Amino acid sequence: MNGIARTPEPPYYAVIFTSERTDGDQGYAEMAEEMEKLAYSQPGFLGVESAREGLGITVSYWESLEAIKNWKQNERHLIAQQRGKSDWYLEYKTRICKVERDYGFEKNAEPFHK
């Protein structure tokens, strides 16, 4: 996952996935890499940002609620969801938000959005 996602002008949607992991990898890293690659091929996917130091937070960005629904129902993603419940997570929470406004700063560049 490469830095800050380059999203379009709002509105768009964010899926915030917050998790606490179990001990050990148990195939998690491989599946996470596969899921990121698969997400990029999904219609309506805009980007992703992720951080983990104890608590993990992954935010994915989507054009529409329909695109999010289609991702949740993706056959390979369903397998990852089941593995998450059985092997990888002590707990997690998913939140879906509509981004109404965004703005940012990048040294030596134009502002992201106003």
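In strand E4, Val99 is the bridge partner of Tyr12. Helices (H or I, at least four residues) and strands (E, at least two) are DSSP runs numbered from the N terminus. The model described here is predicted: local features need pLDDT of at least 70, side-chain atom pairs count only at pLDDT 80 or more, and totals for chains, interfaces and linings use all residues. Residues are numbered from 1 along each chain as its sequence is written, and side-chain values use heavy atoms, with hydrogens and water left out.

Strand E1 (residues 12–21) runs antiparallel to E4 and is joined to E4 by 10 bridges. Two strands are taken to pair if DSSP finds at least two bridges between them. The four strands form an open sheet in the order E2-E3-E1-E4, with antiparallel pairing. Strand E2 (45–53) and strand E4 (89–99) are the edge strands, each pairing on one side only. On average, neighbouring strands of this sheet are turned by 15° against each other, direction ignored. Helix H3 (residues 75–88) packs on the sheet, where H3 touches E1 and E4, and the direction of H3 makes about 140° with that of E4. Axes are lines fitted to C-alpha atoms, for helices over the stretch in contact, and angles run from 0 to 180 degrees between N-to-C directions. Contact means heavy atoms within 4.5 Å.

The protein has three helices and four strands, which follow the pattern β-α-β-β-α-α-β along the sequence. The C-alpha trace spans about 45 × 30 × 20 Å along its principal axes. Of the 114 residues, 35% are buried; buried means under 20% relative accessible area, exposed over 50%, and partly exposed in between (1.4 Å probe, protein chains only). Among contacts with a separation of 6 or more, 74% are between residues 24 or more positions apart.

In helix H2 (residues 65–72), the buried residues are Ala67, Ile68 and Trp71. These buried residues fall within an arc of 100° seen down the axis of H2, so they line one face of the helix. The arc is that of the directions from the helix axis to the C-beta atoms. Glu66 and Lys72 are exposed and lie on the face of H2 turned away from its buried side. The cover over the buried residues of H2 includes E1, helix H1 (28–40), strand E3 (55–62), H3 and E4.

The axes of H1 and H3 come within 11 Å and cross at roughly 150°. H1 is therefore roughly antiparallel to H3, a term for angles over 145 degrees, while those under 35 count as roughly parallel, 65 to 115 as roughly perpendicular and the rest as oblique. In H1, Tyr28, Met31, Glu34, Met35 and Leu38 meet Arg76, His77, Ile79, Ala80 and Trp88 in H3.

Arg21 is located in strand E1 and counts as buried, at 18% relative accessibility. Leaving aside residues up to four places away in sequence, Arg21 touches Tyr28, Arg52, Trp88, Tyr89 and Leu90. The C-alpha atoms of Arg21 and Tyr103 are separated by 31 Å, the two residues being 82 residues apart along the chain.

Gln26 is partly exposed, with a relative accessible area of 40%.
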